[in-house]
Structure formats: C-alpha cells, structure tokens
Amino acid sequence: MTVLYESSLFAIVLTLGAYEIGRVIQKKTKWTVANPLLIAIVLIVVVLKALQIDNAKYQENVSLISFFLTPATVCLAIPLYRQVQILKKSLVGILVGILAGTLASFASVYAICKLFSLTDTMTVSLLPKSITTAMGIVLSEQAGGFVALTAIVIVITGILGNMFGEIMAKIFHITDPVAKGVAYGTASHVVGTTKAAQLDELMGAVSSLSLVVAGIITAVIFCFV
Amino acid sequence: MKYVREFLIIMIFTLIGELLQKLLPIPIPASVYGLLLLFLALCTKVVKISDIEKVGDFMIAIMPMMFIAPAVKIMDIWGDIAGNLIPIIVVMVLSTIIVFAVAGWVTQWIERRRK
C-alpha cells in the first residue's frame with residue numbers, strides 16, 4: 001500500500017470522489033442530512049484509517065487542492081464587483097445587516113464559550129466560525145487557535161445554514177429576498193450561499209456579497225482582539 | 001490562450017496579497033488583501049471583468065471541494081476536542097441561529113423602511 005501512501009493523485013481522486021459519492025447519495029435520498037461535504041469528510045477519514053495513511057501525509061498529498069483556497073477566495077472579488085453594481089440601492093441595508101450579524105456572531109460565540117468556561121485557545125478557534133475557510137483558518141492560526149477545529153466548525157456551520165436556512169427564515173419571518181441573502185451569507189459563508197443561489201438568483205448574489213464583507217469585517221475585528 | 005492570461009492575472013493578485021501579508025504587521029489573511037485589491041482594480045477598470053471571469057467563476061464553483069481537506073484534520077485533534085463536544089455543538093448551532101436571525105432582521109427592517 002506504499003504506492004497509495006505516497007500518491008498525490010490517490011489523495012486527490014479520493015477527495016473529489018468522496019464528494020461526488022456524497023452528491024449522488026444526496027440526490028438519491030434527498031435527505032438534507034446527507035450533505036455531500038459531510039459525507040466526503042466521513043468517507044475520507046474511514047478510507048485513510050483503513051489504509052493506515054496518517055492525516056499529515058494526506059494533507060501533504062492533497063496540498064495541490066488546498067493550495068487553490070487562497071486564489072479562489074481572491075476570485076470572490078468577481079461576484080462582489082458584479083453585485084455592488086446591481087445592489088447599489090439596497091447597499092446600506094445589506095452592509096448594516098452584515099455588520100450586525102458579524103457582531104452578533106462574535107458576541108454569541110464569546111458568551112457561550114465563557115458560559116461553558118472553554119479555554120482561550122478553544123474560543124479563538126470558534127470565533128471565526130461563520131466566515132469562509134480560507135479566511136477563518138488563517139485568523140485562527142494567527143491568534144493561536146486549533147486550525148483543525150476551526151476548519152471543521154466552519155464547514156459544519158456552513159452545512160447548518162445550507163440545511164436549515166429555509167426553516168430559520170420561516171421561524172424568524174425573514175421573507176425579503178435581500179434580507180435572506182444577507183442572513184445566508186453572513187451566517188454560513190460559501191456553503192450557505194450555494195443554497196441561497198439555488199433558491200433565487202438575487203438571494204445568491206446578496207449572499208456572496210455578504211460572505212465576503214463578513215469575512216473582511218471579521219478579519220478587521222480579529223486585529224483588535 | 002485567454003485562460004492562461006486570466007489565470008495569470010488571478011495569480012498576480014494572489015501573490016501581491018501574500019507579499020502584503022508577509023510585509024505588513026497586521027494579521028489580515030493574504031486572500032483578503034488579494035480580494036480587496038482585485039475588487040479595486042475592477043472598480044477602477046484597471047482589470048476588466050471579462051479578463052478574469054471564466055477562470056474566476058470556475059475557481060469559485062469548485063471552492064466547496066477545497067473545504068474538505070482542512071476539515072479532515074479533525075482526525076488528529078479528535079482527542080483534544082472530544083471532551084468539549086457538547087459546548088462546541090451548542091456554539092455552532094446557537095450562534096448560527098443568532099447570526100442568521102440578526103443579519104436577516106436588520107436588513108429586512110432597513111429595506112422595509114426604504115421602500
């Protein structure tokens with residue numbers, strides 16, 4: 001099995017393949033819990049354990065994919081630019097909503113962490129949970145958090161927004177598509193935005209604008225904590 | 001060779017972002033610098049949207065893929081977090097609900113007053 005242990009291609013095929021299997025399962029079962037990302041993560045962990053490939057080796061082999069996280073995040077400037085043009089009229093409401101949501105994120109995460117008396121390392125790992133991975137893990141790392149915990153918490157937060165966004169919108173009577181877009185993007189970054197974009201084009205546009213702005217605001221707040 | 005040029009432009013902005021992150025003493029990720037500079041370049045027409053959108057849209061479309069590997073690291077820290085599993089789940093669920101509600105409400109309130 002040393003061939004697989006050393007192989008970058010195996011790690012890449014495993015990663016893309018696990019996601020594809022997750023997508024097929026979700027399509028077939030139509031269960032919201034059968035989230036492709038979640039299925040992919042579980043499958044990969046199982047395969048790595050079975051083949052006795054340790055995480056460090058997997059990360060090294062799959063680094064070609066991970067590398068693109070930064071340039072892909074830079075590309076978010078494209079939807080941001082497109083939407084700023086379209087959304088000029090609603091811009092104040094959108095920006096204030098994102099700011100309020102981001103502050104609520106910091107306050108709620110901090111308060112709950114204190115309530116359970118979690119360590120500071122844990123707390124800083126959880127603080128960037130609502131923003132996109134490329135930004136969140138860097139912030140957590142620079143603040144001395146557990147990068148791995150931040151990464152998984154970000155992914156699961158995204159999945160929660162993706163799965164339960166519609167239910168939450170109903171419970172809280174958020175009906176305006178622009179407001180829903182802000183809620184999706186601010187609370188659950190790229191993964192939630194995927195859902196918003198499926199529901200409505202405008203909502204998807206607002207959501208991607210929100211995830212970018214929420215990321216930037218979070219990065220700025222992190223400079224002061 | 002339009003794709004090569006698009007890819008080059010995106011990589012140049014990523015590189016500038018990385019250099020700024022290394023040179024400036026503020027803890028802002030390279031991706032945020034790159035994103036803001038590219039956005040500014042688009043607004044000032046230094047870069048046209050048609051110069052980057054094909055490769056750019058592709059990279060954004062496959063972005064969820066890039067979330068998988070960092071999350072697999074959970075294997076290594078399972079021991080450290082297993083004891084705090086309940087608080088971590090509470091933080092994730094509660095704060096996601098709170099952020100969703102607050103962000104949605106505030107925008108909806110302002111939008112309705114505007115209309």
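Domain bounds, as used in these legends, come from an automatic or database domain assignment. The views show a predicted model, in which local features need pLDDT of at least 70 and side-chain atom pairs count only at pLDDT 80 or more, while totals for chains, interfaces and linings use all residues. Residues are numbered from 1 along each chain as its sequence is written, and chains are lettered from A and ligands numbered from 1 in the order in which they are written.

**View 1. The two domains of chain A, with the contact between them.** Domain 1 of chain A covers residues 2-67 and domain 2 covers residues 74-224, and their centres, taken over C-alpha atoms, are separated by 25 Å. Four residues from domain 1 of chain A and five residues from domain 2 of chain A form the contact, where two residues are in contact if their C-beta atoms, placed from the backbone, lie within 7 Å. On the side of domain 1 of chain A that touches domain 2 of chain A there are two nonpolar, two polar and no charged residues; Ala, Val, Leu, Ile, Met, Phe, Trp, Tyr, Cys and Pro count as nonpolar, Asp, Glu, Lys and Arg as charged, and the others, Gly among them, as polar.

**View 2. Chain A as a whole.** Chain A has 13 helices and zero strands, helices (H or I, at least four residues) and strands (E, at least two) being DSSP runs numbered from the N terminus. The radius of gyration of chain A is 18 Å, close to the 17 Å that the globule rule gives for 225 residues, so chain A is as compact as a globular protein of that length; this radius is taken over C-alpha atoms, and the rule is 2.2 Å times the number of residues to the power 0.38. Taken along the principal axes, the C-alpha atoms of chain A fill a box of roughly 60 × 40 × 30 Å.

**View 3. Helices H8 and H13 of chain A.** Helix H8 (residues 91-115) of chain A and helix H13 (residues 201-224) of chain A have axes that come within 9 Å and cross at roughly 50°, the axes being lines fitted to C-alpha atoms, for helices over the stretch in contact, with angles that run from 0 to 180 degrees between N-to-C directions. H8(A) and H13(A) are therefore oblique to each other, given that angles under 35 degrees count as roughly parallel, over 145 as roughly antiparallel, 65 to 115 as roughly perpendicular and the rest as oblique. Their crossing is right-handed; a crossing is left-handed if the near helix is turned anticlockwise from the far one by less than a right angle, and right-handed if clockwise. Among the residues that make the contact are Ile94(A), Leu95(A), Ile98(A) and Phe106(A) of H8(A), together with Val206(A), Leu209(A), Val213(A) and Ile221(A) of H13(A). The contact of H8(A) with H13(A) comprises 11 nonpolar, four polar and no charged residues.

View 4. Six helices and zero strands make up the secondary structure of chain B. With a radius of gyration of 20 Å, well over the 13 Å that the globule rule gives for 115 residues, chain B is more spread out than a compact globule. The C-alpha trace of chain B spans about 50 × 50 × 30 Å along its principal axes. Chain B is divided into domain 1 (1-66) and domain 2 (73-115), whose C-alpha centres lie 28 Å apart.

**View 5. Helices H1 and H2 of chain B.** The axes of H1(B) and H2(B) come within 7 Å and cross at roughly 130°, and the two helices are therefore oblique to each other. The crossing of H1(B) and H2(B) is right-handed. Residues of this contact include Phe13(B), Ile16(B), Glu18(B) and Leu20(B) of H1(B), and Ala30(B), Tyr33(B), Leu37(B) and Leu38(B) of H2(B). By class, the contact of H1(B) with H2(B) has seven nonpolar, five polar and one charged.

**View 6. The side of chain B that touches chain A.** In all, 67 residues of chain B are in contact with 89 residues of chain A. H6(B) supplies the largest share of the side of chain B that touches chain A, 24 residues. That side of chain B divides into 49 nonpolar, 11 polar and seven charged residues.

**View 7. Helix H7 of chain A against H2 of chain B.** Helix H7 (residues 77-86) of chain A packs with H2(B) at an angle of about 40°, their axes 9 Å apart, which makes H7(A) oblique to H2(B). H7(A) passes H2(B) in a right-handed crossing. The contact joins Ala77(A), Leu80(A) and Tyr81(A) of H7(A) to Leu35(B), Leu38(B), Phe39(B), Leu42(B) and Cys43(B) of H2(B), and its residues are eight nonpolar, no polar and no charged.
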